[in-house]
Amino acid sequence: MPPNTESVEVITEQFEKKLNLKELAHKGRYVIYPTTKYPDYEAFEHVDPGHKGDPAKKALLDPATAVIELTPHIGTEIHGLQLHELNEQQKNDLALLVAERGVVFFRKQEIDVYQGREFGKHFGPLHIHQNFGHPEGMPEVHVIHFDENSNRSHFKTFSHQDGWHSDVTYEINPAGLTFLKLDTLPAVGGDTLWASGYAAYDRLSPPFQKFLEGLEAVHSGLDQSNAALRAGHTVRRTPIETVHPVVRTHPVTGWKSLFVQPGFTRSIVGVSKRESEAILNFLYAHIAGGVDFQVRLKWEENTVAVWDNRSTFHNAVFDYLDVGLRHGWRITPQAEKPYFDPNSKSKADSTVRRYVKEPATEGYNFLL
Ligand code: SIN
């Protein structure tokens, strides 16, 4: 998640009525940085569509041709469905499946950015970023566009250990289900990793879990907004720092997830600076080293990843800037204000349903 704030020459040609982002990306930088200001976000109630999901997810999974669990703790790949064709119940099932599995991948997706925006609205109000550039007329669309012309200063001393994040956690209502479609890829590289916040919590010892459950942490949007100001861009809302619980309860699964990451968490409330740094650095290393609860996606063009920012962290691998263009778009619905319910369970203490439908076999198995 590098600061997407390069000063670039914007293509000024007349846009067609419907933008073809892939075509534009191959011509050059197309995002714009308008001086528009937005009212500050205020807390809102979020009712998650995952509550209406069928525990068996029959509407979603019956028509799929393959449902493949990529690791025990996180990541499922589904074949044979087109996201833009899903009906209401299938979307609700998807919300529940992603809440459980953390991230779900769909290959060969035809969905375009306009359909993506409509699709995203089912899962929550679409987040508008405080400073990132966006396609003309589409402030809710977050563009991924990196190649050999990208600003490399960010990467000179960057360790990908610090690349783990969940999106815009400084917001009062941070992101819930989030969608990214990549339509252009370098010949090699540009993978993305996700880590399970549920399993990250479960891998800690009970006394340390208890200790963390009483804590809150500060999440900050100031690094991003300051980078934007340095680049001469408008910051469209008052930049904020927000306090969220270190362990949050997922409203749909009821499971506890670790909720700190190096991207936006800055300190633990109520402890000394040294203590805060020690706790956070331990947790960041715990996430980065948790190869038993991570999944790594090798993108193909037109893959869509759908992840739950409440219970996962992700890390885009910037190893390809010399290789070629990586381009796509992200839609980021917001969810509830994070909370911790002391009565909630860990995933490890819950019955976890598995979904496996092998390619070219009949039916799928629920292995409890
Ligand atoms: C993101 O951080 O949301 C984008 C991930 C990616 O580019 O793979």
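User: Is Phe-179 buried or exposed?

Analyst: This is a predicted model, in which local features need pLDDT of at least 70, side-chain atom pairs count only at pLDDT 80 or more, and totals for chains, interfaces and linings use all residues. Residues are numbered from 1 along each chain as its sequence is written, and side-chain values use heavy atoms, with hydrogens and water left out. Buried means under 20% relative accessible area, exposed over 50%, and partly exposed in between (1.4 Å probe, protein chains only). Because its relative accessibility is 4%, Phe-179 is buried.

User: How many aromatic pairs are there?

Analyst: Rings of Phe, Tyr and Trp (its six-membered ring) pair if their centres lie within 6.5 Å; planes under 30 degrees apart count as stacked, over 60 as edge-to-face and the rest as tilted. By this rule the count is 14.

User: What is the angle between the planes of Phe-123 and Phe-179?

Analyst: The two rings form a tilted aromatic pair, Phe-123 and Phe-179, at 5.3 Å centre to centre. Phe-123 is also buried, at 4% relative accessibility. The angle between the planes is 50 degrees.

User: Which residues is Gln-90 in contact with, leaving aside its neighbours within four places in sequence?

Analyst: Gln-90 is buried, with a relative accessible area of 10%. Contact means heavy atoms within 4.5 Å. With neighbours within four places in sequence left aside, the contacts of Gln-90 are Ala-59, Leu-60, Pro-63 and Glu-85.
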